[in-house]
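Visitor: Please put the model up, and let us go through it by question and answer.

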Amino acid sequence: MPLITADQLKEKYDVIVVGSGAGGGQTAYTLTLEGLKVLMLEAGRNYVPETETPMFETPEQAPLRGAGTPEKPFGFYDSTIDGGWQVPGEPYTQASTDKEREFWWWRARMLGGRTNHWGRYSFRNGPYDFKPRSRDGLGFDWPIGYEDVAPYYDKVEMLIGVYGDNDGLENTPDSSPGVLLPPPKFRVGDLLTQKHGRTLGIPIIAAHRAVLTQRLDYENLPAKLHPGNAFAQRLVRESMERRAACFWATNCGRGCAIRATYQSTTVHLPPAMESGNLDLLPNAMVSEVTIGEDGLAKGVMFVDRTTGKSHHAAARVVVLAASACETVRVLLNSQSTQFPQGLANSSGLVGKYLMDTVGANLSGQIPALENLPPHNEDGAGGAHAYAPWWLYQEQHAGKLGFARGYHIEFGAQRGMPGPGTFNGLEWVTGGSYGRKFKEDARRYYGSFIGFSGRGEMIPNENSFCEIDPTVKDKWGIPVLRFHWLWSEHETRQAAHMEQTFADLISAMGGRVRQKPEKNGAKAIKPGGFIIHEVGGAIMGDDRAKSVTNQWSQTWDVKNLFLTDGAPFPSNADKNPTLTIMALAWRSADYIVSELRKQNL
């Protein structure tokens with residue numbers, strides 16, 4: 001993959017894209033295939049999953065048998081090579097010493113960002129999710145509706161490859177015919193959960209995940225994605241031909257050397273690089289967007305992390321896609337006489353209404369899954385099934401005590417044992433040794449199940465980030481300070497999650513590892529823990545009450561766009577990555593159109 005250094009910068013580009021993850025990768029892909037000259041700046045190092053992914057290493061080959069550490073919280077084999085909730089030399093601060101008001105900020109300092117690490121869940125926001133305030137009077141409506149984004153969901157799903165079914169469920173949109181890849185078969189634990197979920201009215205259906213269960217149709221898809229653009233079609237076809245179908249090797253969180261999963265590094269960036277229209281500069285830590293006397297963005301200032309020197313890059317359009325909080329940080333640090341409170345901040349809302357996904361967990365042991373005959377359950381490197389939110393009508397009628405819903409992710413399989421004693425076997429056996437321990441391990445292996453809830457947070461005025469007045473990072477850039485507060489809507493939702501999981505385990509004839517927490521404030525995970533933060537520069541149809549318009553174009557600076565999660569005015573229970581990509585493609589199409597009209 002050809003790269004450049006800071007001394008190889010061109011005098012001026014059509015577009016600068018800051019960030020190389022889902023939003024930045026999709027933006028650069030769309031722009032370069034339409035012929036625009038793009039500079040991509042990535043704060044982390046170059047990363048090549050084809051050569052760096054440990055697809056076949058087993059736990060005993062890793063330090064501590066692959067267990068998590070403060071430097072690698074998701075385990076030694078996790079693909080986040082540089083980053084985490086704490087990054088050396090790049091601190092952030094908390095406005096409160098109260099543990100319940102902490103926000104954990106995950107950063108991936110590497111090419112492709114979080115797309116290398118994520119769970120690949122690819123759920124569409126539904127019609128309710130774009131108009132939540134109209135439904136229950138809380139939070140904000142988007143200035144667009146599902147119908148505006150649906151065509152882009154189709155395009156993204158066809159490009160990256162998403163498996164799943166069309167189930168016709170409420171506010172769980174179907175894809176267009178022929179878009180989805182066939183889902184993998186349910187594992188034994190999935191089938192058992194589905195069977196007993198029916199007794200509780202909980203639908204267990206095929207998960208939608210960005211994993212190729214079969215090779216992409218490279219003969220026909222490129223023309224559907226880029227009609228009339230033979231140049232783009234050729235590059236996309238060649239890229240799709242180089243992607244293999246999943247052969248059930250290891251967890252997708254390791255990355256994928258055969259390109260069967262979606263990563264920006266293996267899907268968006270290869271055709272963009274092959275176009276000849278993309279200059280990619282890693283280790284470029286952007287500090288601010290520069291503004292001309294005409295009030296338009298001129299380019300960006302960045303620090304070369306390999307030399308410590310500052311540089312300026314110029315372009316006709318600047319796109320920030322550095323992840324929601326990093327984009328906010330750049331905006332707030334871009335102060336000038338024209339924008340003394342930070343760039344694009346005439347509304348005073350930059351940094352405000354930060355959101356994460358509500359999370360709570362509960363696990364159990366299922367006797368019906370004991371002593372199963374040995375069989376291969378490796379599967380597609382993650383979940384095959386999940387439960388979408390099923391209580392829309394009861395919630396709308398005010399029967400639940402919280403206003404927004406959640407989906408359920410779960411796992412019960414005979415995967416490769418990791419560190420520890422088979423899911424903490426002692427809580428079932430009371431401890432055993434020698435031959436008895438071996439008998440217990442064989443008996444209980446694969447009989448444990450874990451449930452995780454992923455729910456919607458309603459934006460509130462007490463959850464936001466700002467620039468810390470004194471603390472700077474190792475590059476001399478002021479850092480973020482976080483304020484955080486869950487509302488009772490979220491804490492009650494978390495308590496409901498745990499009770500639901502306990503009910504499911506009981507219905508399956510199992511036993512829970514710990515009693516469900518009735519106090520939702522204790523059940524809920526810290527803000528940022530689920531790594532789904534969005535908001536901070538919300539979109540709207542009134543410039544006094546939002547930061548961007550429907551195209552993720554800032555109201556104050558017409559040639560400045562935000563194509564990560566920062567413009568989200570709500571955070572549905574659906575994982576945000578698919579929507580980030582769909583909106584980025586939509587915004588990039590608009591940028592192309594406006595540049596051709598000479599409006600930018």
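Visitor: Which residue of strand 14 does S363 stand opposite?
Guide: This is a predicted model, where local features need pLDDT of at least 70, side-chain atom pairs count only at pLDDT 80 or more, and totals for chains, interfaces and linings use all residues. Residues are numbered from 1 along each chain as its sequence is written, and side-chain values use heavy atoms, with hydrogens and water left out. Helices (H or I, at least four residues) and strands (E, at least two) are DSSP runs numbered from the N terminus. In strand 14, the residue opposite S363 is G450.

Visitor: Over how many bridges do strand 11 and strand 14 pair?
Guide: Two strands count as paired if DSSP finds at least two bridges between them. Strand 11 (358-365) runs antiparallel to strand 14, and the number of bridges is eight.

Visitor: Which residue of strand 14 is the bridge partner of I408?
Guide: Strand 13 (residues 406-411) pairs with strand 14 (residues 448-455) in the antiparallel sense over six bridges. Along this pairing F410 stands opposite F451. For I408, the partner is G453.

Visitor: What is the order of strands in the open sheet?
Guide: The sheet has six strands with antiparallel pairing. The order is 6-12-13-14-11-17.

Visitor: Is strand 14 largely enclosed or largely open?
Guide: Buried means under 20% relative accessible area, exposed over 50%, and partly exposed in between (1.4 Å probe, protein chains only). Seven of the eight residues of strand 14 are buried, so the rest of the structure leaves this strand largely enclosed.

Visitor: At about what angle to strand 13 does helix 6 run?
Guide: Helix 6 (residues 188-199) lies across strand 12 (385-387), strand 13 and strand 14. Axes are lines fitted to C-alpha atoms, for helices over the stretch in contact (heavy atoms within 4.5 Å). Angles run from 0 to 180 degrees between N-to-C directions. For helix 6 and strand 13 the angle is about 140°.

Visitor: Which residue caps the N-terminal end of helix 14?
Guide: A polar contact is a pair of N or O atoms within 3.5 Å; within protein, one must be able to donate a hydrogen and the other to accept it, and residues adjacent in sequence count only if both atoms are side-chain atoms. Here a side-chain oxygen lies 3.2 Å from the backbone nitrogen of H489. The capping residue is S487.

Visitor: What covers the buried residues of helix 14?
Guide: The buried residues of helix 14 include E490, A494, F501 and I505. Among the elements that cover them are strand 13, strand 14, strand 17, helix 15 (520-523) and helix 6.

Visitor: Is T579 buried or exposed?
Guide: T579 is in helix 16 (residues 577-596). Its side chain makes a polar contact of 2.7 Å with that of Y153, and T579 also touches F123, N125, W142 and F568. At 0% relative accessibility, T579 counts as buried.

Methods. Lists of a residue's contacts leave out its neighbours within four places in sequence.
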